[in-house]
Amino acid sequence: FAQSEKYGRVKSILASYPVNLPPDPAGSLARGEFSDWLADSCHPISFLLAVGGRVKTVQATQGPLGNSVCILEFENGALGILHGATGPDLPVENYSVYGDNWDLQIRNTDTVILNRGIPFELGRTESFTVPGEEYGSIVWRPQNCKATLENKALFVQGMYAEMKHFCDCVLEGKPATRGTLEFAIQVCRVSEAAMRSCGQKIPVNP
């Protein structure tokens, strides 16, 4: 969707996920210490890269309360922000993708909202329910009252689709195009660049 000709380019992406850099992130990385950042940041960073593409630079900063924000500058000019949103256990994962005349929101992995806006004239438009089907918002969410496949956690959380893509590629004798080792390396490089940033803009090595 984000790369479709109909809706055009992505300009910015916001990821909200309960993960923050450890204290002394650069030192922790140099010492090879385990941290929640290394274990969990791969989830939101994978989304950011899947939508935004290859990353040019990373800049991460920490607040005095332990919270952190990570800014990704993509090679195509788009910007991404990973907000370490600590708080209650649920919901934990939210994304917003912004284009020229639209935005797409994914809330807690089970609700997708496409906002397309409406034509309006400031001070004159009288209704937000404009005629036609090309404007306004579209919402997709599971029908939890039905025990059908698309409503189960294996499908809602994407695990089925990931495994199906891999198995289909094996059966067809062609290389996988999603979740590749190259993509995993890109995710690791972005994650490590954030730990080395210390508030400075760090280039992501090709």
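Q: F47, then: buried or exposed?
A: Buried, because its relative accessibility is 18% (under 20% is buried, over 50% exposed, partly exposed in between, with a 1.4 Å probe and protein chains only). This is a predicted model, where local features need pLDDT of at least 70, side-chain atom pairs count only at pLDDT 80 or more, and totals for chains, interfaces and linings use all residues. Numbering starts from 1 along each chain as its sequence is written, and side-chain values use heavy atoms, without hydrogens and water.

Q: How many aromatic pairs are there?
A: Two, counting Phe, Tyr and Trp rings (the six-membered one for Trp) with centres within 6.5 Å; planes under 30 degrees apart are stacked, over 60 edge-to-face, the rest tilted.

Q: Why does F47 with Y95 count as stacked?
A: The ring centres are 3.9 Å apart and the planes sit at 20°, so the pair is stacked. F47 is in helix α3 (residues 42-52) and Y95 in strand β5 (residues 94-99), 48 residues apart. Helices (H or I, at least four residues) and strands (E, at least two) are DSSP runs numbered from the N terminus. Y95 is buried too, at 5% relative accessible area.

Q: Which other α3 residues are buried?
A: P44, I45, L48, L49, V51 and G52 are, along with F47. Just after α3, G53 has a positive phi of about 95°.

Q: What does α3 pack on?
A: The sheet: α3 touches β1, β2, β3, β4 (79-84), β5 and β6, with contact meaning heavy atoms within 4.5 Å. The α3 direction makes about 170° with that of β1 (axes are lines fitted to C-alpha atoms, for helices over the stretch in contact, and angles run from 0 to 180 degrees between N-to-C directions).

Q: And the strand order in that sheet?
A: β8-β7-β6-β5-β1-β4-β3-β2-β9, an open sheet of nine strands with mixed pairing; two strands pair if DSSP finds at least two bridges between them. β8 (137-140) and β9 (201-203) are at the edges with a single partner strand each, so one side of each has no neighbour in the sheet.

Q: New topic: where is N115, and what does its side chain make a polar contact with?
A: N115 is in strand β7 (residues 111-115). Its side chain makes a polar contact with the side chain of S137, at 2.5 Å. That term means N or O atoms within 3.5 Å; within protein, one must be able to donate a hydrogen and the other to accept it, and residues adjacent in sequence count only if both atoms are side-chain atoms.
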